[in-house]
Amino acid sequence: MNEIINKIMAIETEQNKRRERDFLSRYNTGKRHKKQIAFHKSKKRNRWVFGGNRSGKTECGAVEAVWLALGIHPYKKNKPNVFGWVVSLTAQVQRDVAQRKILHYLRPDRIADIVMTNGRKDSPETGVIDQIIVKNAFGGTSVIGFKSCDQGRERFQGSSLDFVWFDEEPPKEIYEECRMRVVDKRGEIFGTMTPLKGLTFLYDEIYLNRKNNPEIWYEFMEWADNPYLSKKEIALLETTMDETDLQSRRYGKFCTREGLVYPEFDESVHVIDPFPLPEAWQDTISIDPGLKNPLSAHWYAADFDGNVYVVAEHFEAGRDIDHHAKAIDSMSRRLGWKRNGDGSLSALIDSAAGQRTLAAEKSVSELFRERGICVNPNVNKQLFSGIACVKSYLSRKNQMPNLYIFKGCVNLIRELKSYFWGSGDVPVKRDDHCLDELRYYLMTRPKSVPPAPEKSVIARDKDRRIRALKRRGTDGRR
């Protein structure tokens, strides 16, 4: 009898140890924040978390890899005998960060074997791991392999993979090689990184390209998203950083030393799904003309509270005015856009469009008017006051109207994300055609006037007495 009791107690002791060691279950039932859950739920095959330091980005990357290897992913169809890579920048970083996180979330009883690059497998956390053989939920084994970018591109060739997790941003050639490794199995790539290197290839390929590639997904994580990071600690960290470091290390934003012109722009806030607009909200079209360069045109609406909506765009380079006029007319018909009494459309346009050159008999404005687009070149082109105006519309911390952009306006969204200051406190003159005509519109539209404060009872009574005295005086003169 005692022997049976001892065995039961031993089993209970082992189960308690496993429960204490099961950090994966704690993650699944604990303080996961919404952005971590969104990362895990996304079905895209190329997913990235751009996060500040200590924002929780590495946690969700490690958990995702362990879930896939174990075959217990709660939001996806699981596969048996998975083979994936965890890619770090160096072997030392692998040991100190990604490898440590994987071992943290992988229960020891789920490990069938460990192959070491150096060190002892009975204390793998002190060495560098080559592979972990994992007992999966299908009764077989999966493999989590570890790679470091300093090994060179050749060490990333040959394998066929189900997943690759990049812990921090890899060199472009390593990224491209890993993309080839997941082709055969239609595997997935996911990365967790703090963008400290400026505007790298991932800025162009992932951050600016999501609208053009249906397989791309990304999210920004910042300190405030981490429920385990105290507000007091956040405030202390903020005091040690300049604005550029803060944008990268707190918010996970891509920055140059000069900085973004519009750091206020937040895609999750300002970009919205299209919805039917009341005709009374329709305002006007704004155009930045171009022939060889892109012509940018957007359709703007404003509600009765002063909120501005950018509802559609036409953006095309290398076409003549005939083509652009037809495209603007066609888009206006699809939108049911309001027209003048003669059937023409009203639009703002860069004042330079009103100028004639020696080689042209008519100005760009005149050519548009002949084609039924009544353009007004009387726009305010002041750069710095225009930038300040756009900032005020983007900001949610003041009383100015907000700016909302429909998802289809992909070029305006791209330009807002990639507009940087250059030398001499002047923005870099590149990819700003949409932003120019956005400024024209916001600077030209009437400014909202806040309502007058409600008068007190005494003030209203005083006004009533004054009006009564004026009436008696008028009646007396009569």
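The largest pocket of this predicted model has a volume of about 970 Å³. A pocket here is an open set of points on a 1 Å grid over the protein atoms alone, with protein on both sides within 12 Å along at least five of seven lines; grid points are joined across faces, edges and corners, and the volume is the space filled by probe spheres set on the points. Of the 30 residues lining this pocket, Lys253, Asp266, Glu267, Ser268 and Val269 are the closest to its centre, a lining residue being one with an atom within 4 Å of a point. By class, the lining comprises eleven nonpolar, four polar and 15 charged residues. In this division Ala, Val, Leu, Ile, Met, Phe, Trp, Tyr, Cys and Pro count as nonpolar, Asp, Glu, Lys and Arg as charged, and the others, Gly among them, as polar.

Residues are numbered from 1 along each chain as its sequence is written. As the model is predicted, local features need pLDDT of at least 70 and side-chain atom pairs count only at pLDDT 80 or more, while totals for chains, interfaces and linings use all residues; side-chain values use heavy atoms, with hydrogens and water left out.

Three elements, β8 (216–221), α9 (243–249) and α10 (267–270), each supply at least two residues of the pocket lining. Helices (H or I, at least four residues) and strands (E, at least two) are DSSP runs numbered from the N terminus. Strand β8 gives the most to this lining, with five residues.

Strand β8 also belongs to an open sheet of eight strands, in the order β3-β4-β5-β2-β6-β7-β1-β8 and with mixed pairing; two strands pair if DSSP finds at least two bridges between them. Because β3 (111–118) and β8 stand at the edges, each with a single partner strand, one side of each is left without a neighbour in the sheet. From one strand to the next, the twist averages 15 degrees. The partner of β8 is β1 (residues 46–51), which runs parallel and is joined to β8 by six bridges; one of the bridge pairs is Arg47 with Trp217. Helix α4 (residues 57–70) packs on the sheet, touching β1, β4 (128–135), β5 (141–148), β6 (163–167), β7 (188–193) and β8, and its direction makes about 155 degrees with that of β7. Contact means heavy atoms within 4.5 Å, and angles run from 0 to 180 degrees between N-to-C directions of axes fitted to C-alpha atoms, for helices over the stretch in contact.

The largest cavity holds about 70 Å³ of space. Its lining consists of Tyr203, Tyr207, Lys253, Phe254, Leu260, Tyr262, Pro263, Phe265, Leu416 and Lys417, with α7 (201–207) and α14 as the elements that give two or more residues. This lining divides into eight nonpolar, no polar and two charged residues.

The loop between α14 (410–417) and α15 (433–444) contains Pro427. At 9% relative accessibility, Pro427 counts as buried (under 20% relative accessible area; exposed is over 50%, partly exposed in between, with a 1.4 Å probe and protein chains only). Leaving aside residues up to four places away in sequence, Pro427 touches Val261, Leu383, Ile387, Tyr419, Phe420, Trp421 and Gly422. Asp431 lies in the loop between α14 and α15, is partly exposed at 37%, and has a positive phi near 50 degrees.

How values were computed: 1 Å grid on protein atoms, 1.4 Å probe; cavity = no way out; pocket = protein on both sides within 12 Å on 5 of 7 lines; lining within 4 Å.
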